[in-house]
Amino acid sequence: MRTDSPTDATPVLTGSYTHDSGDDGPGIASLRLDPTTGQLSYDEVETLPVSGASFLAAHPWHGVVYSTNETEAGTVSAVARADDGTLSPLGSPMSSGGANPCHLTVHPDGEWLLTANYGSDTAPGAVAVHRLGAGGRLLELTDLVVHQGSGPVAGRQEGSHAHQVLVDPAGRFVLATDLGADVVFSYRLDTRTGTLERVTVNPMRAGSGPRHLAFSPDGDLVFSADELSSTVTCHRYDAATGVLTALSSAPATTAEDVVNQPGGIVASPCGRFVWVTNRGADTVAAFRLAGSTLEPLGEVPAGGARPRGLALVDGHLLVANQHSGSLAVLRVLHDGTLTRPHPPVSAPSVVCALAL
């Protein structure tokens, strides 16, 4: 049910898998978060049926949001958001350069879209670059780098699987995680041509399956959600070279007798806390940073099943619970711990949330 929202509420978009991408979500939906109460409500605008909208990223100044279209054919879409919240396609979807694009980010200069293609059993993981034109419109594919490598986990690491691409806080390097190869690749983007130059290959623990990264505010540390080893790792980051060095690691959950896969990971603006979703344990875990050591602060229920995407908004964590089709809100307390979730809102097949 759609209800009225306070005028000072924070706009939130959710992405979900649609019928043509193997599930029953609407694509992109529009909600608002009351920053005082932590309550979510739907906007009085139509959802936009974007195929396989598994990750969303906003342009830094244009009112445009980009979506992965996570299918074997692999495309990315640009969506315009009007002042009243109405969503509409901005041009046609364009090839992502690979199979099953699962993450994307806009370069800080606003002129390039970077996309991680997970790949498939037969197609390797790859990172694509698209030029962005006037008003944030998607233009041509300017580069595609194909990852190579494998790992020891049968059924998941026979080949490379790019899972995330992001720009470091200094804007110097582009980092791409590869779950299949147990590697984080560092690239330099030529902002004249839109081409990527590989700078370094950062090996992770064998079988760890690095999924997503989160930077500390000063950029000196990087935290990884390791999907296959069910751990969270703190790395030193050298902003001059793009090199990561592992410093400490902790289990992502204390739950026993459950197959667990960490999903989303977020670092606090103060740099003292890290949070991660646990798919399997169905919790959100909190960690405090003591020097370079991750100290568990406890876990709370995620408010649903198979929590995937995680976003920090106005002192709250938004948790996209894919299998229960629910979006939950957890309040962050001053010591980094989390309250139990508010009653979640229905969000079929939701996998990510983006605050605007």
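How many of the residues of strand E19 are buried? I looked this up before anything else. E19 spans residues 231–238 and is mostly covered, with 6 of its 8 residues buried. I note here that the model is predicted.

**Entry: the partners of E19**

I followed E19 to the strands it pairs with. Strand E18, residues 221–226, runs antiparallel to E19, and 6 bridges join the two. In this pairing I found Val222 opposite His235 of E19. I then checked the turn. E18 and E19 form a hairpin with 4 residues between them, and Ser230 in that turn has a positive phi of about 50 degrees.

On the other pairing, I found 8 bridges between E19 and strand E20, residues 243–251, again in the antiparallel sense. Arg236 stands opposite Thr245 in E20. The hairpin of E19 and E20 also has 4 residues between its strands, and I recorded a positive phi near 75 degrees for Gly242.

**Entry: E9 and E10**

I turned to E9 with the burial question in mind. E9 is mostly covered, and 6 of its 6 residues are buried. E9 pairs with strand E10, residues 112–117, over 5 bridges in the antiparallel sense. I located Val106 opposite Leu113 of E10. The two strands form a hairpin with 5 residues between them. In its turn, Gly110 has a positive phi of about 75 degrees.

**Entry: the largest pocket**

What is the volume of the largest pocket? I read a value of about 1200 Å³. The lining comprises 41 residues, and those closest to the centre of the pocket are Phe55, His103, Gln164, Ile265 and Leu310. I listed the elements that give two or more residues to this lining: strands E4 (56–58), E9 (101–106), E13 (162–167), E17 (210–215), E21 (261–267), E25 (307–313) and E29 (350–355). E25 gives the most, with 6 residues. By residue class, I have the lining as 28 nonpolar, 10 polar and 3 charged.

**Entry: Thr10**

I placed Thr10 in strand E1, residues 10–16. Is Thr10 buried or exposed? Its relative accessibility is 13%, and the cut-off for buried is under 20%, so Thr10 counts as buried. The side chain of Thr10 makes a polar contact of 2.4 Å with the side chain of Asp314. Not counting residues up to four places away in sequence, I found Thr10 touching Leu31, Arg32, Leu33, Val313, Asp314, Ala355 and Leu356.

**Entry: Thr18**

I found Thr18 in the loop between E1 and strand E2 (28–33). Thr18 counts as buried because its relative accessibility is 7%. I looked at which side chain Thr18 meets by a polar contact, and it is that of Asp20, at 2.6 Å. A polar atom of the Thr18 side chain also lies 3.1 Å from the backbone nitrogen of Gly52.

Ser51 is 33 residues apart from Thr18 along the chain, and their C-alpha atoms are separated by 5.7 Å. With neighbours within four places in sequence left aside, the contacts of Thr18 are Asp23, Asp24, Gly25, Pro26, Gly27, Val50, Ser51 and Gly52.

Conventions: Residues are numbered from 1 along each chain as its sequence is written. This is a predicted model: local features need pLDDT of at least 70, side-chain atom pairs count only at pLDDT 80 or more; totals for chains, interfaces and linings use all residues. Side-chain values use heavy atoms; hydrogens and water are left out. Buried means under 20% relative accessible area, exposed over 50%, partly exposed in between (1.4 Å probe, protein chains only). A polar contact is a pair of N or O atoms within 3.5 Å; within protein, one must be able to donate a hydrogen and the other to accept it, and residues adjacent in sequence count only if both atoms are side-chain atoms. Contact means heavy atoms within 4.5 Å. On a 1 Å grid over the protein atoms alone, a cavity is a set of points where a 1.4 Å probe fits but cannot get out, and a pocket is an open set with protein on both sides within 12 Å along at least five of seven lines; lining residues have an atom within 4 Å of a point. Grid points are joined across faces, edges and corners, and a volume is the space filled by probe spheres set on the points. Ala, Val, Leu, Ile, Met, Phe, Trp, Tyr, Cys and Pro count as nonpolar, Asp, Glu, Lys and Arg as charged, and the others, Gly among them, as polar. Two strands pair if DSSP finds at least two bridges between them.
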